[in-house]
Amino acid sequence: MYRYDEFDHDYVRSRVAEFRDQTQRRIDGALTEDEYKPLRLMNGLYLQLHAYMLRVAIPYGTLNSRQMRTLAMIAERWDEGYGHFTTRQNIQYNWTKLTDVGDILDALADVEMHAIQTSGNCIRNVTADHFAGAAADEIEDPRPTAELVRQWSTAHPEFAYLPRKFKVAVTGSPNDRAVTKAHDIGLRMLRNEAGEPGFEVIVGGGMGRTPMIGKVIRDFLPKDHLLPYLESILRVYNLHGRRDNKYKARIKILVHETGLEEMQAQVEAEFARQMREEGGPVVSPNPEHIAQIAAYFAPPDFAKLPAQSAKLTKAIATDPALAAWVENNTADHRASGYTIVTISMKGMGDAPGDATTAQMRVMADLGERYSHDELRISHEQNVILPHVKLDDLPEIHAALQKAGLAAANAGLITDIIACPGLDYCALATARSIPVAQDLSQRFAEPARAKAIGNFTIKISGCINACGHHHVGHVGILGLEKSGIESYQITLGGDHTETLAIGERAGPGMTAEEVGPAIERLVDAYLDVRDSDDERFIDTFRRLGADPFKAAIYPENNCAAA
Amino acid sequence: MPIITDTGFAPDDAPDLIEADDLPETGERLTIMLPNDADPSALSPAFNRITLIVVPFPNAADGRGFSIAKRLRGLGYRGHLRAQGHLITDQYPFARQCGFDDVQIDSALAARMPEELWLRAKTRAIPPFLRRA
Ligand code: HEM
Ligand code: SF4
């Protein structure tokens, strides 16, 4: 894991002092509200429905047990005993007091964490594959790149006042677990024919009210050219992105309105200019430092273990709950005898992503004891133990059961993503958490969930799409129609390397109608799939939306016949 | 309109500014106003005849001027470069790091943000990436 050096420590500390000073200047009147707001946001502090919300960065989703314990301590001391893990590898505290923020930021700085650039029109917390450094299918660990981008983008003097927010995601694996095509910039690590490392650079993806799939602006960018190339994209965007309308200010709109080819020409021209400038590109990080970053992410010392664990096989034979959990919540690790554990934060009736102080502490203990002191936060709002011995799974499962964290549903229909919605968010038009809770109860029966197989439901409480509804196999968008919550269902979205945006199934419905409609949809799918292995999304691609629309809106069937 | 430099407030030196669009074919020691939606490279053939370029900041959230400055410096402009308009003290180090020599604000803003705040801003922490470079 990355460790702060004295520069990082100094910087994070002085940002806390600086934020206290900025807040004081607002109180004294030296700053107007309009001037203060971007400063507040760039320090992660939002003004929400009931209180201030503090959004803390978990860069590329990686943290250690000490950091997790601090997150728990903050929840206990300054919030109401829990935090909310988001789809962007952040944690949000929904009940913070303005007067406590300085102390919270100091507590974070103690464990090399911060809330810098988790909001505002700047380059945001950089996200990455939550299985980084562990996944069997990985080409290269994306985190050294993500860390470099984090450092480069922190208080970047040129890019702190962009037209709009800017999100970068990195994946080191062909199976895209970082949703790179739905980011302002997505970086996919690959190797060219000569075996040299580099990136496919994707630009202009995003969700929100105008969802767009990112487009490839450069097929192969040599690794060393990353920062000058990013700088070129950002410069073109900073100069030409729209500032007249905040709904059209993201880079996806600039790419769309300018056209990919013209955008590419402008970026390449800027890049060529930078590479020509005296002494080579202006942004060339110190190679020693790059090597140092890479060393921090060196794989831990894995024990030499057989591929199978006799102990685990024996335990599974007598414990069906363990068996189901191992089947669903573990993924292939690159080291023999190891596995990746997903701790589901989606137990029956849970608010997706919410973790209590006690749960955070249990997870910290497990990470410390069984996973080389590492934990991850996934964009699916789950917590990952990346380096676990197969032999240890029974103990881990038992500990999770005690803490109410043993839901065996990773990737299944009840592994629902939902944003905070009207329960917390000032922009919401509808609730999302109660809808998620209702659905998780309807599909709680393990055999049924297992029969349905891989199925993603994603829920947003307004058009901003923080809950990723556009890319859910089934997306649910909460709107408001003449004072009543109205939910729109989309079908056929996909958040992986085959990213797709779901299409609208039909008119909106009330909160009470959503659950039954999804049950009918699922029954229809089970009816028409051609085998137990055909996932919903595959059936949808084979048959199109019609059979599913008919199931959602049975009242239309006679008219259509 | 006070000018802010690393040593504090300085009096307005009030040069007459020529719009970048109206750049004359001849003439030396030109002082230019370059709007933040103009293409800075159009000025590059005349760089050696220009002594001052002023880039406007219409409001503190509009960061285009920072990129204009970086581009002008990247293109080889070595004359004086000034950010003018609505910048706040917190942006002073950014302006300097992007290649501006000084910042000019109006008197009302200067009254709200006195010299001592601008001097304090100068000591804002430098991000680690720049320190390591
Ligand atoms: C509660 C306070 C929140 C506010 C005020 C807020 C605000 C917004 C807004 C305005 C957008 C639309 C941006 C655009 O289209 O240009 C957006 C997008 C997004 N937000 Fe949030 N959000 C909040 C919480 C969250 C949470 C809890 C998550 C994660 C669960 C999240 C993740 C995202 C994602 C993934 C997007 C879409 C990706 C994109 O930027 O295109 N946000 N948010
Ligand atoms: S999607 Fe809307 S309701 Fe949900 S968190 Fe984002 S802004 Fe709030």
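A residue is taken to surround a ligand if one of its heavy atoms lies within 4 Å of that ligand. The model is predicted, with local features requiring pLDDT of at least 70, side-chain atom pairs counted only at pLDDT 80 or more, and totals for linings using all residues. Residues are numbered from 1 along each chain as written, chains are lettered from A and ligands numbered from 1 in the order written, and side-chain values use heavy atoms, without hydrogens and water.

**View 1. Surroundings of ligand 2.** The shell comprises A:C419, A:P420, A:G421, A:C425, A:L427, A:A428, A:S460, A:G461, A:C462, A:N464, A:A465 and A:C466. Eight of these residues are nonpolar and four polar, with no charged residue (Ala, Val, Leu, Ile, Met, Phe, Trp, Tyr, Cys and Pro count as nonpolar, Asp, Glu, Lys and Arg as charged, and the others, Gly among them, as polar).

View 2. Among 23 residues, A:T87, A:K167, A:M207, A:R250 and A:C466 come nearest. The shell has eight nonpolar, nine polar and six charged residues. The side chain of A:K165 has an N or O atom 3.3 Å from a ligand nitrogen atom.

**View 3. Iron atom of ligand 1.** The single protein donor is A:C466 (SG), 2.1 Å away (donors are N, O and S atoms within 2.8 Å of the metal, or 3.2 Å for Na, K and Ca; water is not among the atoms, so the site may look incomplete). A:C466 is placed in the loop between β17 (457-460) and β18 (474-481) of chain A (strands are DSSP E runs of at least two residues, numbered from the N terminus).

Key:
A polar contact is a pair of N or O atoms within 3.5 Å; within protein, one must be able to donate a hydrogen and the other to accept it, and residues adjacent in sequence count only if both atoms are side-chain atoms. Helices (H or I, at least four residues) and strands (E, at least two) are DSSP runs, numbered from the N terminus.
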